[in-house]
Amino acid sequence: MAQVSFTLNGVAKTITVDSIETPLLWVLRDQLGLTGTKYGCGVEICGACTVSVNGQPEKSCDMKIGEIAGKSVMTIEGLKNDPLGARLQKAWLQYQVPQCGYCQSGMLMSAYGRLKAGESLSSTATGMSNICQCGTFQRVKEALLALPTIA
Amino acid sequence: MRANTAKNDTLVMDRRSFLAGAAAAFMVPVTLTFSSRPAAAATTGVGAYIRIDDANNVTLITGQTEMGQGIASGLAQIMAEELMLDWGQVRFEHAPVNPQVYGLPGWGLQLTGGSTSTMMWYTPLRTASAKAAYRLRAAAALTYGGTPDQWSLLVGGKLKHTTYGEQTFASVLGQIGNTTDPGAVSFAGTKRIVGQPVRRIDLAGKVDGSAIFGADVMLPGMVFASVIHCPTITGTVKTCPTSATGALKVVNLGNAVGVVATNTWAAMRIASSLQSKVSWTLPSNLALLDSTALATAAQALQDAATPVNLKSYETAGTPDDKVGQLDVTYKTPFLAHACMEVLNATVSVTKTNGVVTFVELWLPTQGQSFVPGTVRSVPGLSSLTDAQIKVNSMLCGGGFGRKIEQDYVLQAVKLAVAMGKPVKLTWSRPQDFKNDKYRPCASMRVRLGGDVNGITGMVYRNISASISFQQGANPEDTGAVAGAVKLPYSIPNRRVEFTPLPTGVPLGYWRSVGESYNTFAVESAIDELALSLGQDPIDYRLRMLTGDQRATALLQKLKNSPNYTAMGATKRGVAFLKGFNSYVALAVEVGLDSSSRIKVTKAHYVIDCGVVINPNSVEAQMQGGLVHGIYSALYSRVTFAKGVPSVSNFSNYRVLTPRDMPKVTVDILEGDPTTAMPGGIGEAGVPCVAPAIANAYQRLSGTRVRELPFHPGMTMSD
């Protein structure tokens with residue numbers, strides 16, 4: 001048992017975890033009930049578990065909760081509170097990006113993190129490595145490139 | 001000219017012979033099943049497709065699973081058209097298990113597969129909605145006065161009468177129970193919502209994280225589980241530990257060892273650590289689980305004059321005398337489903353005096369019909385009635401055929417019984433890859449003869465792992481030759497042969513099933529012959545389309561499309577499919593990347609799927625079909641070394657990422673809209689991809705690729 005303090009979607013949290021080795025992904029999902037962040041591969045390939053940690057896109061499946069202490073985490077559930085995040089969500093709806101939708105939390109958080117870090121829209125659109133088995137890639141790109149037109 | 005729908009429904013049933021056999025017992029009565037409120041549905045037991053609440057929102061209750069294909073929206077559009085609803089007041093909900101009400105009309109099975117949902121529900125749901133519209137008018141008359149005929153529907157869930165004004169649906173629900181089925185009804189005949197690219201109703205929760213997939217179900221007091229299977233596929237547990245450090249429980253599940261813990265990560269980690277401590281009983285015949293041995297066996301069956309269990313289809317004329325120009329064999333591998341959402345199931349059991357009296361399940365499932373039987377197969381649960389089993393169908397994070405299966409459901413029920421409290425089972429990604437029900441591998445020898453006017457003779461032999469043969473059916477497997485029979489082309493002398501390749505590898509339905517390999521062989525071979533005769537690939541196909549106007553219109557549309565002509569003639573390829581009650585033509589342009597690996601640079605689809613419910617969804621399904629088709633054609637396969645699968649994660653099963661996506665365009669034709677029915681779109685986009693790429697690649701390189709994938713062994717970092 002250990003205590004970890006961090007900021008989650010803008011709110012200060014102190015939680016007790018079984019092990020500081022537990023990945024952030026599973027603390028979010030199983031302990032905190034924030035199930036918008038998804039398990040896809042567990043080895044930092046697919047990107048379904050992407051969240052924002054101190055403003056950087058990070059894959060939460062292989063990030064120990066102990067490493068989060070003192071940091072600020074944003075998940076898909078908090079994305080709407082950021083103006084850029086809200087615009088991304090609006091673009092995703094307008095371009096009807098999701099199909100099954102399972103990978104889209106990670107898609108959105110990857111795009112958000114890259115744009116926040118100053119990457120261009122086109123570089124973000126082609127540079128993301130998120131896997132989507134429904135094949136939403138073209139609409140992801142369209143939605144991203146249309147972002148300047150989204151109020 | 002229209003396809004014969006009844007005939008094609010039969011065709012689809014043939015493709016799933018084991019399902020068809022089960023469905024033959026009864027047909028779903030197409031009658032009005034309309035209730036005013038959830039309580040009414042629950043108390044009367046009348047199946048209900050449509051629910052109207054006090055806020056005047058209208059909910060479609062459907063037995064079809066939303067797994068990304070947009071079926072919830074498509075069916076709701078059909079309902080909304082007849083009821084003249086505003087799209088914003090429309091909702092959807094997955095139905096409870098009740099195949100007699102919610103099963104596919106025509107199959108009587110509550111499942112989602114075979115691209116059947118829209119084509120089978122279109123008329124029944126229109127009818128039920130039109131009858132509901134009548135009964136709302138009748139209820140308005142009872143509530144406010146006048147006769148049903150004096151009331152009309154207004155857009156937005158409202159009713160209007162010259163004397164009694166405008167009233168909402170919600171205001172007349174109290175009288176619905178006093179109205180009766182009007183018998184025959186006429187349809188709205190409008191295209192206010194059907195045919196429009198309305199925004200799917202399931203998207204909001206998919207961009208803000210609130211959508212609840214099976215994997216996301218949380219229950220009070222729930223514990224978390226994972227499993228470890230035998231490294232050799234289909235092996236069973238001989239002995240296993242009864243406890244493990246950090247685990248709440250270790251459970252022998254027969255085909256796997258289950259580990260229950262306080263979180264999923266702990267359960268997965270402990271399960272993985274138990275592998276060395278479990279003793280497994282290996283399957284008896286490892287040769288049936290070995291890709292090298294299976295390839296040798298398949299070749300022997302190809303070489304045999306009359307292999308055992310040989311079945312012939314569509315024999316016509318004297319094909320053996322007419323073939324001689326082309327004699328080639330195409331090969332396709334086992335494939336995994338690789339849904340982004342791994343297999344998972346959440347189950348809660350209620351015990352009374354130590355006896356299980358109620359089982360509730362929350363599942364990502366395409367196969368609701370099979371769940372009660374799965375529950376009853378667990379020792380101690382065999383006498384549970386349907387009323388003691390409740391299934392909540394959750395959103396699926398992809399299905400592609402995998403979630404029809406019951407293996408993960410069975411494990412979760414056993415775990416919940418063992419724990420006596422709610423359990424969520426989540427397979428790890430490696431377990432999901434290594435214990436799939438794989439797309440059958442296939443070897444297809446194609447012999448053709450012909451001239452510039454077309455193919456005069458075809459002898460086709462498919463040697464493939466067979467789903468129905470593995471399930472104990474007779475060697476007849478029309479699914480295994482789907483895509484090689486009922487071709488749109490006029491071939492006067494022909495014979496299509498099939499022999500099942502015996503294998504112990506567990507098999508399952510994979511998006512587009514038989515067409516995913518037979519269309520590769522057929523459309524590649526036609527192209528090879530056309531090329532050898534110096535013929536344009538589209539013109540050559542057109543010459544063989546005698547009397548099929550939809551097919552002809554489709555290929556002409558492709559040929560004249562600027563998206564097609566803009567592709568370089570030396571690097572483009574085409575393929576054509578008539579299947580799933582739809583017609584699809586695809587052209588791709590290919591190039592080589594810096595490592596000389598093939599890359600699809602452009603793709604253009606033309607699809608005629610009859611009545612279009614939502615053009616935006618049709619386009620999305622073609623985009624998705626392309627992605628499935630490209631990854632399986634270029635990169636991925638599953639091989640077995642004495643029963644040990646070659647894949648364990650996306651690291652060694654390469655799928656697509658944004659950088660791999662070519663620009664894809666889609667033209668949609670609508671057959672003859674006055675008499676048309678909807679065709680399938682979920683699977684129709686896949687089969688043409690591999691042959692179109694192979695055909696393009698030959699023009700680019702001079703080399704013909706006849707074995708998939710093009711680039712085996714690639715990783716996600718390649």
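Predicted model: local features only at pLDDT ≥ 70, side-chain atom pairs only at ≥ 80, totals over all residues.
Residues are numbered from 1 along each chain as its sequence is written, chains are lettered from A and ligands numbered from 1 in the order in which they are written. Local features are given only at pLDDT of at least 70 and side-chain atom pairs only at pLDDT 80 or more, while totals for chains, interfaces and linings use all residues.

**View 1. Chain B as a whole.** Chain B contains 21 helices and 26 strands; helices (H or I, at least four residues) and strands (E, at least two) are DSSP runs numbered from the N terminus. Its C-alpha atoms fill a box of roughly 80 × 65 × 45 Å along the principal axes. The radius of gyration of chain B is 27 Å, which agrees with the value near 27 Å for a compact globule of 718 residues; this radius is taken over C-alpha atoms, and the globule rule is 2.2 Å times the number of residues to the power 0.38. Of the 718 residues, 58% are buried. A residue is buried if 20 or more other C-beta atoms lie within 10 Å of its own, exposed if 12 or fewer, and partly exposed in between, with C-beta atoms placed from the backbone. Among contacts in chain B with a separation of 6 or more, 77% join residues 24 or more positions apart; a contact means that the C-beta atoms of two residues, placed from the backbone, lie within 7 Å.

**View 2. Domains 1 and 3 of chain B.** Chain B is divided into domain 1 (38–208), domain 2 (214–282 + 343–426) and domain 3 (290–335 + 438–701), with bounds from an automatic or database domain assignment. The C-alpha centres of domains 1 and 3 of chain B lie 38 Å apart. Here 16 residues of domain 1 are in contact with 20 residues of domain 3. On the domain 1 side, helix H4 (71–83) and helix H6 (117–144) of chain B each give two or more residues, and H4(B) gives the most, with 4. That side has 6 nonpolar, 10 polar and no charged residues. Ala, Val, Leu, Ile, Met, Phe, Trp, Tyr, Cys and Pro count as nonpolar, Asp, Glu, Lys and Arg as charged, and the others, Gly among them, as polar.

**View 3. A mixed open sheet in chain B.** Five strands run in the order E12-E20-E19-E18-E13; two strands pair if DSSP finds at least two bridges between them. The twist averages 10° from one strand to the next. Helix H16 (515–532) of chain B packs on the sheet, touching E13, E18 (442–451) and E19, and its direction makes about 150° with that of E13(B). Axes are lines fitted to C-alpha atoms, for helices over the stretch in contact, and angles run from 0 to 180 degrees between N-to-C directions.

**View 4. The parallel pair E19 and E20 of chain B.** E19 (454–464) and E20 (493–500) pair in the parallel sense over 8 bridges. B:Ser464 has B:Pro500, in E20(B), as its bridge partner.

**View 5. The side of chain B that touches chain A.** In this interface, 49 residues of chain B are in contact with 47 residues of chain A. Helices H7 (204–207), H8 (264–274) and H20 (615–634) of chain B each contribute two or more residues. H20(B) supplies the largest share, 7 residues. The chain B side comprises 25 nonpolar, 16 polar and 8 charged residues.

**View 6. Helix H5 of chain A.** Of the 9 residues in H5(A) (137–145), 7 are buried, including A:Phe137, A:Arg139 and A:Leu144. The buried residues pack against helices H2 (83–94), H3 (104–116) and H4 (121–127) of chain A, together with H20 and strand E26 (663–669) of chain B.
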